[in-house]
Amino acid sequence: MMTEYIDKISYYLPELSKALTESGIMILISIIAAICIGLPLGTFVYLTKKIPTKTNRWVGILLNGYINIVRSFPFLLFVVALIPFTRLVLGTAFGTYAAALPLSFVAVALYARLVEQVLLEIPNDILELAQSLGSTKLQLIFRFLYVEARSGLVLALTSVVISMVSYSTVMGVIGGGGIGDFALRYGYQRYEYSVMYTAIVLMIFFVSFIQISGSALAKKINKK
């Protein structure tokens with residue numbers, strides 16, 4: 001029985017490796033987008049609430065609208081609706097990199113909202129201290145807000161990574177491949193349930209590793 005299972009997994013190992021690589025690429029691109037765009041976006045939304053001006057108030061409303069729409073949009077329908085834009089930007093709507101685009105939009109929106117929530121938990125005393133010291137906006141952000149909220153920001157990013165792992169499993173609908181597509185095509189559709197469950201177990205281990213690593217890092221950098 002075990003020999004048969006090992007032979008079966010060995011047979012599908014090249015496709016499994018390819019699927020894991022595709023999932024890794026999609027998740028990595030979306031997380032880079034979350035950090036590079038979602039972090040400043042969430043920070044700006046926070047500042048529009050704490051330090052409102054006539055200009056940033058309207059920008060904050062628009063950004064909040066984007067975040068709310070993307071987060072509330074059913075993901076599969078969002079992917080399909082974004083196909084024309086994906087084709088316009090990348091020249092194709094199919095493939096791993098094309099699948100990473102809608103994932104990136106969602107990752108940015110999710111992390112931006114979580115960043116805002118984490119920053120809102122910072123005591124007002126910190127903001128008042130920074131302002132009393134005459135800090136610039138950049139100094140306020142990098143020397144006070146991010147320092148105070150670093151543990152929460154790591155935990156928020158961990159949650160986004162886990163969400164992206166989940167979302168990436170349905171990207172086979174636009175030819176994105178990935179471990180979810182592998183489990184369906186080579187496991188479920190071919191009645192190779194041992195292959196399907198192997199893929200599921202791998203995903204569970206991967207998510208558990210991300211959660212444990214993120215929690216450990218957050219605990220290590222938490223100086224409170």
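User: What makes residues 25-47 a helical span in this model?

Analyst: In this predicted model, local features need pLDDT of at least 70, side-chain atom pairs count only at pLDDT 80 or more, and totals for chains, interfaces and linings use all residues. Residues are numbered from 1 along each chain as its sequence is written, and side-chain values use heavy atoms, with hydrogens and water left out. Helices are DSSP runs of H or I with at least four residues, strands are E runs of at least two, both numbered from the N terminus; over residues 25-47 the chain is 100% helix and 0% strand, with its end C-alpha atoms 33 Å apart.

User: Why is A33 called buried?

Analyst: Buried means under 20% relative accessible area, exposed over 50% and partly exposed in between, with a 1.4 Å probe and protein chains only. The relative accessible area of A33 is 13%, so A33 is buried. This residue, A33, sits in helix α1 (residues 2-50), and, leaving aside neighbours within four places in sequence, A33 is in contact (heavy atoms within 4.5 Å) with G38, S104 and V108.

User: How do you know that the buried residues of α6 line one face of the helix?

Analyst: In helix α6 (residues 124-132), I126, L127 and A130 are buried. Seen down the axis of α6, the buried residues fall within an arc of 100 degrees, so they line one face of the helix, the arc being that of the directions from the helix axis to the C-beta atoms. On the other side of α6, D125 and S132 are exposed, while the buried residues of α6 pack against α1 and α7 (137-168).
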